[in-house]
Amino acid sequence: MEPETYRHMAAVEESHWWFKGRRRIVTAALRRLLGDFNPDCRILELGCGVGGNLEMLSRFGRVDAVEPDAWAAGKSREKGCATVLQGALPDHLPEDLAPAYDLIAMLDVLEHIDDAPGALAAIHGRIVRNGRLLLTVPAYPWMYGDHDRRHHHLRRYTRSTLRAELRGAGFDICFMGHFNLLLLPPAVLVRLAQRYTPFLKGDDAARGATGPANAVLNAVFALEAPLAARIPFPAGLSILAVARPV
């Protein structure tokens, strides 16, 4: 991503409705998978950005993280929640990583990687027997727009395309469903408007980032947290998947 995108994330990731909502849903999924904190549980986050998820992940076990951008990796280290190394998928993972992990998390990372199947294949052998891969990706290729271009998204996914990539890399799907369902209708309207007017173009993460709008969007998104990690919603702006290596 562009340097200004990382800096914007560092400024808003703790309070922005979207980041907070995703953390709630991922936390619910991790509680189902891992239970309470276990000091023997090894967790790896790939593409940790500026570290907004590290404190959440550290509630469940010992965390390592990998981030390709040097500035973002430095901000992640400042959190003090994980060992953060610089590297990139699929061919440049750090040598200092543990040989295998109980959980690998890729939270809105796969869409940035040119060789996504190769990236999934590269981490297949780094998950212990009965371990899990947890990932989130943006949904619906037809919604690809200015926000995706600014964030260097190479694609958006359907459940079918994500399932095919996971199975092709040797994973079995344990759970797959959408989330951010309630805000899908207004998001579709914004995407359609962006195609015909310049006024709504730009980074979606900058809209509603502060003030009353942020509070309202946060409250709406929070309604899904108890359900989205247990019930495979048929629609929503993002996809949550849990898979195991076979």
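**Helix H5**

The model is predicted.

Next I listed the buried residues of H5 (residues 116-124), which are Ala116, Ala119, Leu120, Ile123 and His124. They cover an arc of only 145° around the axis, so they sit on the same side of H5. I then looked up what they pack against, and found strands S1 (42-46), S4 (101-107), S5 (127-138) and S7 (238-245), together with helix H7 (159-168) and S6.

**Salt bridges**

I noted nine salt bridges in the structure. One of them pairs Asp108 with Arg22, with the closest N and O atoms 2.8 Å apart. Asp108 is in the loop between S4 and H5 and Arg22 is in helix H2 (residues 17-34), so the pair ties together parts 86 residues apart in sequence. Both Asp108 and Arg22 are buried.

I then turned to H6 (residues 146-150), which holds both Arg150 and Asp146, four residues apart. Their side chains meet in a salt bridge at 3.0 Å, N to O. Arg150 is partly exposed at 44% relative accessible area, whereas Asp146 is buried at 16%.

Asp148 forms a salt bridge with Arg191, the closest N and O atoms being 3.6 Å apart. This pair links helix H6 to helix H8 across 43 residues. I read a relative accessible area of 0% for Asp148 and 8% for Arg191. Salt bridges with shared partners join Asp148, Arg156 and Arg191 into one network.

**Surface**

Last, I recorded a nonpolar surface patch of about 270 Å², made by Leu181, Leu182 and Leu223. Leu182 lies in the loop between S6 (171-179) and H8 (184-196), and counts as partly exposed because its relative accessibility is 43%.

Note on methods. Residues numbered from 1 in each chain as written. Predicted model: local features only at pLDDT ≥ 70, side-chain atom pairs only at ≥ 80, totals over all residues. Heavy atoms only, no water. Patch = residues over 30% accessible without salt bridge, like charges linked within 9 Å, V, L, I, M, F, W, Y side chains within 5 Å. Areas by Shrake-Rupley, 256 points an atom, 1.4 Å probe, with all protein chains shown as cover. Salt bridge = Lys/Arg side-chain N within 4 Å of Asp/Glu carboxyl O. Helix = DSSP H or I, 4+ residues; strand = E, 2+ residues; numbered from the N terminus. Buried < 20%, exposed > 50% of the residue type's maximum accessible area, 1.4 Å probe, protein only. Arc of directions from axis to C-beta. Contact = heavy atoms within 4.5 Å.
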